[in-house]
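Here is a short report on one protein chain. It covers the cores, a surface patch and the charged pairs.

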Amino acid sequence: MTAAIQVDGLIKEFGPSRAVDGVSMEVPAGSVLGLLGPNGAGKTTIVRMLATLARPDGGRARVAGFDVVEEAHQVRGRIGLTGQYASVDETIPGWDNLYMIGRLHRLPSRRAKALADELLERFRLTEAARKLPRDYSGGMRRRLDLAASLVGEPEVLYLDEPTTGLDPRSRNELWDMVRALVGKGTTVLLTTQYMEEAEALAENIVVIDHGRVIAEGTPAELRGRIGGQVLRIRPDRGTDLAGMARQLTGTGGLTAVADPVEGLITLPVAGQSDLTAAVRMLAASGVPVDGIDTHTPSLDEVFLTLTAGDPADDTRRTA
Ligand SMILES: Nc1ncnc2c1ncn2[C@@H]1O[C@H](COP(=O)(O)OP(=O)(O)O)[C@@H](O)[C@H]1O
Ligand SMILES: [Mg+2]
């Protein structure tokens, strides 16, 4: 079976820094891959290269069987993109946007009109057909973006943070629409900052940070990566959380993460021996503790642990 997206050692440099630093991944046709990473991880840059909007500085990528550099034209005819900062024109009505995009795809006028009607209906925007997108709600706007990206009937669809900033109801609606598309055979590459979203839509997840793949697998496999339980320690107020996290990380080979917002330190414990080691270290540190418990990690905690390269890097938690 052929992969709809095949990426080998992709690199993109901006000046001296590498936004994408040797990323490889594969998306089987008809599946959804969740590209998960915090702000600035390199997600949009990867999507832009796969959409032929940016030229790689190294590595290769094939989409729908075509090379994104050498066969960019063929790739363009087979992809759709819903960007973080989308492509519809705010100053012309929703229907006209879809019609115009249809014409840009060289559809005959009659077909472009029918498709505009059809897509508006499918995305529950018929009543907003004559309204300007700048007057749409956030959810309507994203639905129009998604409709616009489907005009060319793409084999491969890129959704770049499609639900960031949406309320939970609009987000769930959009998820349903994406699932319907996938049901019809479209291959989807979805970028997101939320493990929950990746799990809701994607069978496989690639976690990236600082332009590199740091983990990949099914949601269940990723949970397994950090073991069964998370130990939560609540030190006395005024404790240097980052310092304490560093100390715990340094001694036991475990990864402790400071959570300054909640005043907590969390660390994954794979089994009883980890737990014993953590408690011993804690006692040895002499830091007074207000509370301590263990719980099953949420997926977001899994993600935070995976991306917590430096336990002193508190900014991640609040970003
Ligand atoms: N056009 C550009 N010029 C310079 N730096 C850029 C440009 N686009 C992205 N970057 C940098 O590349 C890194 C990855 O950015 P991006 O791909 O947008 O991340 P993400 O989409 O995961 O938030 C960031 O450090 C960002 O500042
Ligand atoms: Mg982005």
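Is Val-279 buried, partly exposed or exposed? Val-279 is partly exposed, with a relative accessible area of 40%. Here buried means under 20% relative accessible area, exposed means over 50%, and partly exposed lies in between (1.4 Å probe, protein chains only).

This is a predicted model: local features need pLDDT of at least 70, side-chain atom pairs count only at pLDDT 80 or more, and totals for chains, interfaces and linings use all residues. Residues are numbered from 1 along each chain as its sequence is written, chains are lettered from A and ligands numbered from 1 in the order in which they are written, and side-chain values use heavy atoms, leaving out hydrogens and water.

**Surface**

Val-279 sits in helix α10 (residues 272–285). Helices (H or I, at least four residues) and strands (E, at least two) are DSSP runs, numbered from the N terminus. With Val-289 and Ile-292, Val-279 forms a nonpolar patch on the surface, and together they have about 210 Å² of accessible area. Such patches are made of residues with over 30% relative accessible area and no salt bridge; nonpolar side chains (Val, Leu, Ile, Met, Phe, Trp, Tyr) are joined within 5 Å, like charges within 9 Å. Areas come from the Shrake-Rupley method with a 1.4 Å probe.

**Cores**

A nonpolar core is a set of buried Ala, Val, Leu, Ile, Met, Phe, Trp, Tyr and Cys residues joined through side-chain atoms within 4.5 Å. The largest one has 34 residues, and Leu-98, Leu-119, Phe-123 and Leu-146 touch the most other members. Elements giving two or more residues to this core include α3 (94–104), α4 (109–122) and β8 (187–192). The top contributor is α6, with 6 residues. A second, separate core holds 29 residues, among them Ala-4, Val-27, Leu-33 and Val-68.

**Salt bridges**

The whole structure has 18 salt bridges. Each is a side-chain nitrogen of Lys or Arg within 4 Å of a carboxyl oxygen of Asp or Glu. Three of these pairs are listed here.

| Pair | N to O distance |
|---|---|
| Glu-90 and Arg-141 | 2.1 Å |
| Glu-118 and Arg-111 | 3.9 Å |
| Arg-171 and Glu-196 | 3.6 Å |

Arg-171 lies in helix α6 and Glu-196 in helix α7 (residues 195–201), so this pair ties together parts 25 residues apart in sequence. Glu-196 is partly exposed at 40%. Arg-141 counts as buried at 16% relative accessibility, whereas Glu-90 is partly exposed at 30%. Elsewhere, Glu-13, Arg-18, Asp-21 and Arg-212 are linked in a salt-bridge network.
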